Amino acid sequence: MNILHGGNYLQDVTSSLSFVLVNDRDEIVFCSQRGTDYIVAQPVIPTSILTAVEASLRPSLTVALAQARHAKGAVAFSHTRLGADGNRTDLLVTIRPLHVDMENRIRMILFDVAEQGEKEKFSVTAANQNLVSDLYAELMRSRDEFHRLTLDNEETVNSLAALNEELYWINEELRTTSNELQLNRDTLEAGNALLNEMVSSIAKANDDLENFVEATELALIFVDFDMRIIRFTAPAGTVFRLRAGDAGRPLLDISHCLQYKNLEADIKSVLHTREKVEKEVRSTDGTWFCLRVIPYTNEAAEIVGAIIILLDISLRKEAEENLRSGEQRWRAALEATGDGIWEWDIASDKCTLSPAWRKILGYGPDDIATGKLHEWLALVHPEDRADVAQVIEACGNGDPGWFSHEYRIRCKDRHSKWVLSRGAVVERGQDGKGKRLIGTLSDISHKKNAEHEIWYRANYDSLTGLPNRSFFLDRLNYEVMHGKRSGQPFALMFIDLDRFKEVNDLHGHGAGDQLLRIVSDALKASVRESDTTARLGGDEFTVLLTDIADSTQVELIAEDILRRLSEPTTLAGNAFHISASIGITFFPKDASSANDLIRNADQAMYVAKNAGRNCCRFFSQKMQDEVITRIKITNDLHDASDGQLQLVFHPIVDMGTGNIAKAEALLRWKHPTRGLLQPDHFIHLAEEAGLINRIGDWVFTEAATAALRLGNVCSGQFKISINKSPLEFSSKKNLPKLDWVLHLKEIGLDPASCIIEITEGLLLQATSETMELIASFREAGIQFALDDFGTGYSSMSYLANYNVDYLKIDKSFVTRCGENKASSAIVEAMILLAHKLGLKVVAEGVESWAQHEWLRAAGCDYSQGFLYSLPLEIDALEDLVRQSFRQSSSFPRFSSVGR
């Protein structure tokens with residue numbers, strides 16, 4: 001150990017180092033002058049170190065003290081300290097045991113400001129430990145002696161206090177100044193004696209600390225104003241190859257041991273400015289050091305020289321070199337992938353761009369500057385620039401230290417390209433903020449184009465370019481939420497093209513697609529840009545009208561749409577005329593949810609279709625009530641066949657004999673709450689609900705049973721006419737499930753007893769399956785009647801092409817025959833035509849004897865109407881038929897049965 005003695009050496013060490021000595025109970029036994037920087041208040045010895053240090057240090061210090069009790073060597077930890085000026089300081093705290101052969105184990109807590117990456121640890125050799133222990137034992141003996149003297153002094157002080165109190169009362173009584181002065185002199189003398197004892201103790205403690213500093217591994221050199229060496233520690237002697245007698249030697253004689261030429265200038269700077277100098281230097285043997293030069297002051301805080309401190313940072317420099325080497329390999333790998341590399345030096349605000357970076361954007365080496373960050377950001381799309389700057393700035397501030405961001409950037413050809421930029425902090429300053437950022441740039445324009453294409457296909461109709469159902473529903477839900485917050489109303493139109501299917505069927509789907517595009521253009525031309533026009537599918541469109549004043553404005557828009565659609569269109573050389581039915585509903589007047597609005601507009605659209613098409617209708621609560629009623633009736637209809645359905649029979653009179661020759665079976669529904677319902681109230685609902693086949697089969701079996709029963713009454717054949725819905729014949733899946741011919745055979749009824757009444761609509765839309773079914777029925781013997789002749793198309797081709805047996809003249813002609821010449825002529829022509837074709841004629845709606853007589857004179861074969869009877873239940877009809885055949889004269893007079 002090389003210890004150089006000097007008068008103020010110990011004081012110099014304690015003023016240069018920040019440390020505290022604590023005993024086994026973690027109580028402070030000594031605190032250096034600079035150690036008080038980390039103590040909350042001036043410590044009272046002994047006091048606990050954990051209560052004396054700053055609050056932020058206590059958790060980490062508690063853990064380190066616990067570890068130091070069991071560790072043989074030093075324990076260190078780092079701590080970030082927030083100063084009063086708001087700056088952060090990285091602190092390295094080291095706890096070293098001093099093994100002293102006494103009752104207490106002394107530990108030294110050394111505080112040092114640590115640089116970034118500094119991992120230095122200090123240890124004490126065993127030989128120096130013994131020396132420190134001996135010195136500390138002597139210190140403890142001195143302390144005990146001092147403690148004894150302190151007790152004696154306290155007794156003296158107590159005695160003097162009592163004397164002072166006595167003198168005080170004497171002074172009060174005598175009010176003499178001389179005794180008071182005497183007392184003060186005695187008190188001062190006692191204080192001086194105590195002070196002298198304390199100075200002696202501190203001097204002894206300084207000697208111990210001087211020995212401790214020599215035992216550490218800190219490389220310290222103390223120089224005076226002339227830069228001559230005053231003293232140095234053993235580690236410093238190793239670095240500069242100093243010997244014990246080198247005190248007083250000029251520092252510049254040994255400065256060649258460091259590869260550093262500015263040592264003299266830095267020391268002079270510290271001596272004149274009092275500001276610390278810190279540099280990284282390298283010794284001649286290749287060891288890296290952190291060199292610090294700090295002022296060396298005396299008791300009066302006067303600068304008397306400088307202290308040179310060397311910290312070995314070789315490990316840190318090696319790690320930095322490895323990092324740089326890894327960074328170079330990383331750059332090479334990224335360049336090979338085609339990604340561009342960029343680097344931003346925050347301190348100089350300089351950006352460096354790789355050749356691959358420039359190539360991605362089409363720039364050459366000299367096309368773009370590599371200067372400040374704002375010059376780079378100037379290339380970023382204006383809409384993305386603020387976000388990019390914010391992300392990079394946040395990363396540079398160290399929060400979170402990396403980023404990944406997609407944005408658009410301008411290429412050399414002035415077009416914008418989508419790129420993905422990733423970056424990370426690769427170097428930080430002492431404040432934790434980034435000093436240097438490195439990142440990559442990837443071309444993701446193809447990915448973005450694909451994403452846009454996917455989004456467009458998911459939200460827009462590929463045929464018309466209009467928003468599709470998904471986009472429309474999103475927009476409608478948004479407008480509903482916005483309307484609830486703002487109270488702003490809006491309107492929804494539901495548009496369905498009229499007879500669009502005919503265009504596809506007659507001219508092909510290509511013409512239909514072209515027509516849909518024309519319709520979409522017409523819709524967009526009729527509304528504002530702020531409105532939303534969408535195609536839901538097929539020939540269904542919607543228009544969302546926002547910011548509307550009143551219903552009149554909406555109606556004008558709807559009329560403009562109808563006007564534009566009604567204009568003739570030429571497709572493939574053919575002229576087209578198209579129209580649409582529009583349903584309109586309002587938010588929030590009609591509904592406050594998207595689903596309810598769509599339902600309301602749809603209902604209003606169907607009302608427009610039923611009103612003749614090519615018009616618009618506004619939703620009303622009456623429509624909703626009708627829909628609810630229709631739904632309820634449809635639901636009830638599923639159970640109607642269980643005893644609620646019944647047949648009544650309207651007699652048909654033979655005009656030649658006056659007898660009831662046959663009857664028409666009419667369906668009635670005894671609804672449990674709505675009473676007796678006519679077919680026109682529920683047959684169309686049965687067709688929509690898919691119940692028509694089940695009901696039709698039931699009607700056929702009941703009518704066949706009635707024909708069999710009535711045939712027995714008249715001892716011959718009695719024919720029953722059965723009305724069948726066109727839907728029962730329209731497609732294969734709707735064909736009757738019951739084999740009617742087989743059923744007639746099973747009950748023993750001649751098929752000729754059954755007449756199926758069909759309308760001209762069925763023959764107009766007849767399919768091959770329909771015609772095959774009609775042919776099979778006729779082959780079996782079942783007859784057919786063409787009902788309501790004269791009210792439809794009344795095409796003669798039906799009578800020529802389809803083998804029917806009866807022609808039924810509609811009531812609208814019969815009511816006016818004999819009175820209206822035109823009606824009479826039409827009926828006579830129908831009768832004549834039917835007879836020429838071998839058909840029998842049935843006149844419907846006969847209500848007077850005049851009509852009956854006129855029809856019989858005209859040659860009509862059968863008549864049916866309220867003149868003869870109301871529709872009757874089977875029992876009543878059976879009685880009427882029996883009565884008719886018992887009379888020898890003509891048919892019975894008006895029957896009241898069944899009225």
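## Strand pairing around Phe 19

In this predicted model, Phe 19 sits opposite Leu 110 of strand E5. The strands involved are E1 (residues 18-22) and E5 (residues 106-113), which pair in the antiparallel sense. Five bridges join E1 and E5.

## The sheet

E1 and E5 belong to an open sheet of five strands. The order is E2-E1-E5-E4-E3, and the pairing is antiparallel. Strands E2 (28-31) and E3 (75-82) form the edges, each pairing on one side only. On average, neighbouring strands are turned by 20° against each other, direction ignored.

Helix H3 (residues 58-70) lies across E3, E4 (88-98) and E5. H3 runs at about 170° to E3.

## Helix H20

Helix H20 covers residues 692-713, 22 residues in total. From first C-alpha to last, H20 reaches 31 Å. That is close to the 32 Å expected at 1.5 Å a residue. Ser 715 follows H20 and has a positive phi, near 55°.

Which residues of H22 (residues 740-747) are buried? They are Trp 740, Val 741, His 743 and Leu 744. These residues lie on the same side of H22 because they cover an arc of only 160° around the axis. Lys 745 and Glu 746 are exposed on the other side of H22.

At the N-terminal end, Asp 739 caps H22. A side-chain oxygen of Asp 739 lies 3.3 Å from the backbone nitrogen of Val 741. Just after H22 comes Gly 748, with a positive phi of about 75°.

Methods:
Residues numbered from 1 in each chain as written. Predicted model: local features only at pLDDT ≥ 70, side-chain atom pairs only at ≥ 80, totals over all residues. Heavy atoms only, no water. Pairing = 2+ DSSP bridges. Helix = DSSP H or I, 4+ residues; strand = E, 2+ residues; numbered from the N terminus. Axes fitted to C-alpha atoms, helices over the stretch in contact; angles between N-to-C directions. Contact = heavy atoms within 4.5 Å. Expected span 1.5 Å × (residues − 1). Buried < 20%, exposed > 50% of the residue type's maximum accessible area, 1.4 Å probe, protein only. Arc of directions from axis to C-beta. Polar contact = N/O pair within 3.5 Å; in protein donor to acceptor, adjacent residues only side chain to side chain.
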